[in-house]
Amino acid sequence: EEVKHSINKEINGAELLYSLLNAPWLKSLLKVSLGALISTHDMVAQKDYDPVLPPIPDNLPDDEEAMRIVCLVKNKQQLGATIKRNGITGEIFVARVIHGGLADRSGLLHAGDRITEVNGYSVNGLEPEQVIERLARSQGTLMFKVVPITDRPVNNQTILYVRAMADYSPQQDPAIPCAEAGMDFRKGDLLEIVDQSDSLWWQAKKLPSTSACAGLIPSTNLLRRKQKEFWWSQPYHILHHCLSYFALSEEDLIDEKCVEAEEGEFSTNIEGIYLTGFRRSLRLCRRQSLNTGSSQQSFYTRSGYNALNNPYEEVVRYQRNPQDKHRLVALVGPSGVGVNELRRRLIKINPVTFQGAVPHTTRAARSYEESGKEYHFINRELFENMVYNNRFLEYGEYKDNFYGTSRDAVKDVLNSGRICVIDIEPHAIQSVRTHELKAYIIYVKPPTAERMKETRKDAQITTNYYDNRPFKEEDFQEMEEAARKMESHYCQFFDSVMVNDGLQDSCVQLLRAVRRAQDEPQWVPASWIRPTEEF
Ligand SMILES: Nc1ncnc2c1ncn2[C@@H]1O[C@H](COP(=O)(O)OP(=O)(O)OP(=O)(O)O)[C@@H](O)[C@H]1O
């Protein structure tokens with residue numbers, strides 16, 4: 001009322017402010033508030049806000065341990081921890097905490113913590129299975145009373161990326177501590193190993209991963225041990241399964257009369273560019289080695305791969321620098337699937353960019369042939385010398401002549417700035433997976449037998465018996481079977497898989513895969529980037 005009254009008066013601002021500040025109501029208000037503020041401060045300053053703990057009982061034993069009560073809300077997910085029992089004392093411990101699981105995310109349970117109670121019940125004298133059953137039965141909140149481990153190891157885990165070179169199924173492994181916590185994987189899967197603190201059981205996630213929670217997988221040493229045990233437990237005929245697959249069929253026997261006669265058919269020369277590496281002898285040499293499987297006639301490679309040595313291959317993300325040489329592109333596929341047809345088409349589309357490697361042979365050059373074009377024609381002694389010095393990616397003997405693809409022939413193409421595209425037998429894959437060639441392996445897979453029948457009406461299968469001939473029903477079945485075996489033995493090395501159905505579409509697919517290999521980041525063996533040993 002007083003302020004209202006003042007404002008209605010005809011006075012200036014300074015006077016108004018002065019009279020306001022001197023107003024008795026304001027003066028008394030300020031006096032009260034300031035006093036209250038000062039007295040509140042004094043009260044707070046004197047107060048002791050530390051919690052008041054009950055006094056420690058006099059009769060507490062000296063060795064009484066600190067306990068931790070841990071409450072977790074289950075929410076339909078696994079606890080993400082395994083437990084174990086001390087065989088002598090019978091005490092129950094947290095054996096491991098699974099990375100990214102409920103227990104791990106809570107940060108309250110650690111490997112080595114001793115569990116004394118679960119949901120208010122003592123676990124004293126219980127078997128781990130009984131404890132687990134109790135945990136499984138409880139809904140909602142889980143309450144643990146634990147004695148925390150005193151010296152918790154510092155977590156200095158580094159993440160490791162590997163490609164699985166073997167299959168693993170926790171459900172079929174009686175030795176896994178907890179099958180539900182295990183993670184299955186197949187050859188070729190990419191794994192992110194998040195924890196290697198246990199020498200036997202690692203924790204990993206499969207990439208690309210949607211789950212935050214890791215799973216248990218055997219460590220390198222453990223998996224190697226398991227594989228050895230499995231290997232020795234197999235009967236002799238299974239160990240030699242691969243050889244029996246390469247057994248000779250009657251029709252595969254070489255017809256001595258007709259083989260060399262048709263060489264020329266495969267040495268097309270387009271616009272002055274030789275399509276090398278398509279010659280009949282070379283292809284039949286390979287075919288024969290596959291069919292016989294005999295050590296005398298095999299298409300050899302030096303560096304055979306043994307998954308027993310290396311169940312996981314460490315990999316890193318790699319992208320070719322545009323200034324670097326191109327990666328070698330190697331096609332593999334069952335005989336007759338169309339590997340050569342695709343390679344030939346790719347080179348024809350752009351011979352300036354793509355090129356095959358010129359193979360070596362000890363056979364005599366024909367009048368129209370020139371060394372370095374169809375083949376490098378060399379004598380037997382030199383060929384053997386190159387074999388001795390490991391200069392071949394693969395080689396073999398056919399009709400008393402040697403044929404092979406040399407490392408240098410591939411390097412010549414790569415050094416010229418082109419993309420070298422070759423086809424190899426799957427057992428030669430390891431010889432091209434090197435730091436120097438950084439091969440990108442494309443697996444060419446046959447479509448279904450029905451689609452093969454439809455698309456291969458005018459196609460010709462290269463035979464070493466009589467002439468090339470149209471495909472028969474059994475060729476498709478054999479190809480399907482060969483593809484199945486090839487995939488099961490070598491799929492871990494395939495960087496890309498394409499189905500050769502319609503030719504045009506397949507060419508587009510191949511072109512895309514080759515571009516990906518050169519221009520996009522890929523997982524490659526870590527040894528290529530940090531080379532240790534080069535063959
Ligand atoms: N997608 C396709 N559609 C139709 N015909 C095809 C297709 N791919 C390949 N062919 C034909 O199939 C036949 C066999 O192909 P190709 O000679 O390339 O086989 P390959 O995989 O190289 O086998 P090998 O190494 O035993 O000679 C050829 O006549 C080829 O033209």
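Is Arg186 buried or exposed, and what is its relative accessible area? Arg186 is exposed, with a relative accessible area of 54%, where buried means under 20%, exposed over 50% and partly exposed in between (1.4 Å probe, protein chains only). This is a predicted model, in which local features need pLDDT of at least 70 and side-chain atom pairs count only at pLDDT 80 or more, while totals for chains, interfaces and linings use all residues. Residues are numbered from 1 along each chain as its sequence is written, and side-chain values use heavy atoms, with hydrogens and water left out.

**Salt bridges**

With a salt bridge taken as a side-chain nitrogen of Lys or Arg within 4 Å of a carboxyl oxygen of Asp or Glu, the count comes to 27. Three of these pairs are set out below.

| Pair | N to O distance |
|---|---|
| Glu117 and Lys145 | 3.6 Å |
| Asp167 and Arg186 | 3.7 Å |
| Glu481 and Arg484 | 3.0 Å |

In the pair of Asp167 and Arg186, Asp167 is partly exposed at 40% relative accessibility. Glu117 is partly exposed at 21%, and Lys145 is partly exposed at 25%. Arg391, Asp408, Lys411 and Glu436 are linked in a network of salt bridges.

**Cysteines**

The structure holds zero disulfides, a disulfide being a pair of cysteine sulfur atoms within 2.5 Å. For Cys178, the nearest cysteine sulfur, that of Cys213, is 11 Å away, and Cys178 is partly exposed, with a relative accessible area of 21%. The sulfur of Cys507 lies 18 Å from the closest cysteine sulfur, in Cys420, which is too far for a bond, and Cys507 is buried at 12%.
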